[in-house]
Amino acid sequence: MSDPNLELDSRRVIYQRIADTPGVHFRALLSDLEYAQGTLQYQLRWLADEGLIDISDDGKYTRYYPAVEFDEADRAVMNALRREYSRRILAHLLTDGPLSTTELSDRLAKAQSTVSWHLSKLAEANLVTKERDGRSVMYQVCDPDRVKYLYTVHQRSFTDKVVDRILGLWDGY
């Protein structure tokens, strides 16, 4: 890279990891790159101050993105796709939705309370809508094209073979 801001090897390596795995969180960077925690914190802060990366808080993790490449809606989708069960829920909703909490719970083999928690986080991020259908609440993805596109483009940075099988039909997207 010829950007003078990325002359330091550590800075360039950190930036490249963020570019390769947008939405990566601090602990994953710390584990993957094996820099000292203080070094990583300093370089991330420097990259953010220089406007080279954007920072997003998904409620559990602070996630990092290359600046300018992801708008707020894209970051919300990527934040969800970086969480295993949110990614699986989105996959099922995209392929077979709308679905209820019970149906999703059965498909994921997870407690309804766990699925409900993930669905509430997805709803808070405006990624799914819910509509009452009798005694059930049915969920569906708000912007399926955006989710499909971001999943397809960044598929290699996710390590979830189950979702890959569910969404295998998107290879040509």
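L81 touches R87, L90, V147, L150, Y151 and F158, not counting residues up to four places away in sequence; contact here means heavy atoms within 4.5 Å. The structure is a predicted model, in which local features need pLDDT of at least 70, side-chain atom pairs count only at pLDDT 80 or more, and totals for chains, interfaces and linings use all residues. Residues are numbered from 1 along each chain as its sequence is written, and side-chain values use heavy atoms, with hydrogens and water left out.

**Nonpolar cores**

- L81, I89, L90 and L93 touch the most other members of the largest nonpolar core, which has 25 residues. A nonpolar core is a set of buried Ala, Val, Leu, Ile, Met, Phe, Trp, Tyr and Cys residues joined through side-chain atoms within 4.5 Å.
- Two or more residues of this core come from each of α4 (72–81), α5 (84–96), α6 (101–108), α7 (112–124), β6 (136–141) and α8. Helices (H or I, at least four residues) and strands (E, at least two) are DSSP runs, numbered from the N terminus.
- Helix α4 supplies the largest share of the core, 5 residues.
- A second, separate core comprises 16 residues, including I14, F26, L29 and L47.

- An open sheet is formed by 3 strands in the order β1-β3-β2, with antiparallel pairing. Two strands pair if DSSP finds at least two bridges between them.
- The edges are held by β1 (24–25) and β2 (53–57), each with a single partner strand, so one side of each has no neighbour in the sheet.
- Strand β2 is joined by 5 bridges to strand β3 (residues 62–66), and the two run antiparallel. Within this pair, D54 stands opposite Y65 in β3.
- Helix α1 (residues 9–20) lies across β1, β2 and β3, and runs at about 95 degrees to β3. Axes are lines fitted to C-alpha atoms, for helices over the stretch in contact, and angles run from 0 to 180 degrees between N-to-C directions.

**Salt bridges**

- The count comes to 11 salt bridges, each being a side-chain nitrogen of Lys or Arg within 4 Å of a carboxyl oxygen of Asp or Glu.
- R12 forms a salt bridge with D9, and their closest N and O atoms are 2.2 Å apart. The two residues are 3 residues apart in helix α1, that is, separated by about one helical turn.
- R12 is partly exposed, with a relative accessible area of 25%, whereas D9 is exposed at 52%. Buried means under 20% relative accessible area, exposed over 50%, and partly exposed in between (1.4 Å probe, protein chains only).
- R75 forms a salt bridge with D54, the closest N and O atoms being 3.6 Å apart. Since R75 belongs to helix α4 and D54 to strand β2, the pair ties together parts that are 21 residues apart in sequence.
- R75 counts as buried at 17% relative accessibility, and D54 as partly exposed at 24%.
- In the salt bridge between R83 and D58, the closest N and O atoms are 3.2 Å apart. R83 lies in the loop between α4 and α5 and D58 in the loop between β2 and β3, so parts 25 residues apart in sequence are tied together. Both R83 and D58 are buried.
- A network of salt bridges links D71, D74, D143 and R146.

**Residue H154**

- H154 is placed in helix α8 (residues 144–154) and counts as buried, at 14% relative accessibility.
- Apart from neighbours within four places in sequence, H154 is in contact with P22, F70 and M78.
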